[in-house]
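Look over the sequence and the structure first, then read the notes below.

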Amino acid sequence: MKIRTPMPSLDGDELIINERALTKDISNITLIYFWSISCNQCETSIIKLKELQQLFQNKLTIIAIHMPRSEEDKDVKAIKSKLKQLAIALPVYVDQHLRLTNAFENRFVPAYYLFDKEKKLRFYQAGVPSKKLLQQKIERFI
């Protein structure tokens, strides 16, 4: 995705874990986070997101999208178990058929897509950025 591209729709038939945590507040900036249970870096990254969510509370919406990288990654029980183990309460879309992955043109995990209040892409990074970098990018658009 190119910078300033509108955020793709998240509507579809994907299973959403922690759906009650999903907010429809379009006034917030939104961080979309792609991850996979088979990604070692993702575990550290998703914990950072938990910290950012606490820091920005009602100013930031974080949505995780689980992108399977293998057949084993499609085990919903394993995904739920990992989220429970890490005490993650973020809404998590389980993208078994890669519909969201393709809509975002995403190829990597972890990957971060930050959308401003108008839902235009303002920052993208694949890999593990520092918490400080993410915090700076978020603060810029609040």
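L98 sits in the loop between β4 (92-94) and α3, where helices (H or I, at least four residues) and strands (E, at least two) are DSSP runs numbered from the N terminus. The model is predicted, so local features need pLDDT of at least 70 and side-chain atom pairs count only at pLDDT 80 or more, while totals for chains, interfaces and linings use all residues. Residues are numbered from 1 along each chain as its sequence is written, and side-chain values use heavy atoms, with hydrogens and water left out.

**Loops and backbone**

- The phi angle of L98 is near 60°, a positive value in a residue other than glycine.
- L98 counts as partly exposed because its relative accessible area is 31%; buried means under 20%, exposed over 50%, and partly exposed in between (1.4 Å probe, protein chains only).
- K119 lies in the loop between β5 and β6 (121-126), and K119 is also a residue other than glycine with a positive phi, near 65°.
- With a relative accessibility of 17%, K119 is buried.
- The peptide bond from V109 to P110 is cis, with omega near -10°, and P110 belongs to the loop between α3 (99-103) and β5 (111-115).

**The sheet**

- Six strands make an open sheet in the order β1-β4-β3-β2-β5-β6, with mixed pairing; two strands pair if DSSP finds at least two bridges between them.
- β1 (15-17) and β6 are at the edges with a single partner strand each, so one side of each has no neighbour in the sheet.
- Direction ignored, neighbouring strands of this sheet are turned by 20° against each other on average.
- Strand β3 (residues 60-66) and β4 run parallel and are joined by three bridges, and the bridge partner of A64 in β4 is V92.
- β5 and β6 pair in the antiparallel sense over five bridges, with A111 opposite A126 in β6.
- β5 and β6 form a hairpin, with five residues between them.

**Helices on the sheet**

- Helix α2 (residues 76-85) packs on the sheet and touches β1, β2 (29-35), β3 and β4; contact means heavy atoms within 4.5 Å.
- The direction of α2 makes about 20° with that of β1; axes are lines fitted to C-alpha atoms, for helices over the stretch in contact, and angles run from 0 to 180 degrees between N-to-C directions.
- α4 also packs on the sheet, touching β2, β3, β5 and β6, and its direction makes about 170° with that of β6.

**Helix α1 against helix α4**

- The axes of helix α1 (residues 40-56) and helix α4 (residues 131-141) come within 11 Å and cross at roughly 35°.
- This crossing of α1 and α4 is right-handed, as the near helix is turned clockwise from the far one by less than a right angle.
- On the α1 side K48, L49, E51, L52, L55 and F56 take part, and they meet K131, L134, Q135, I138 and E139 in α4.
- The contact of α1 with α4 has six nonpolar, one polar and four charged residues; Ala, Val, Leu, Ile, Met, Phe, Trp, Tyr, Cys and Pro count as nonpolar, Asp, Glu, Lys and Arg as charged, and the others, Gly among them, as polar.

**Cysteines and N102**

- The model has zero disulfides, a disulfide being a pair of cysteine sulfur atoms within 2.5 Å.
- C39 is buried at a relative accessible area of 7%, and C42 is buried at 0%.
- N102 in helix α3 is partly exposed, at 45% relative accessibility.
- The C-alpha atoms of N102 and S81 are separated by 26 Å, and the two residues are 21 residues apart along the chain.
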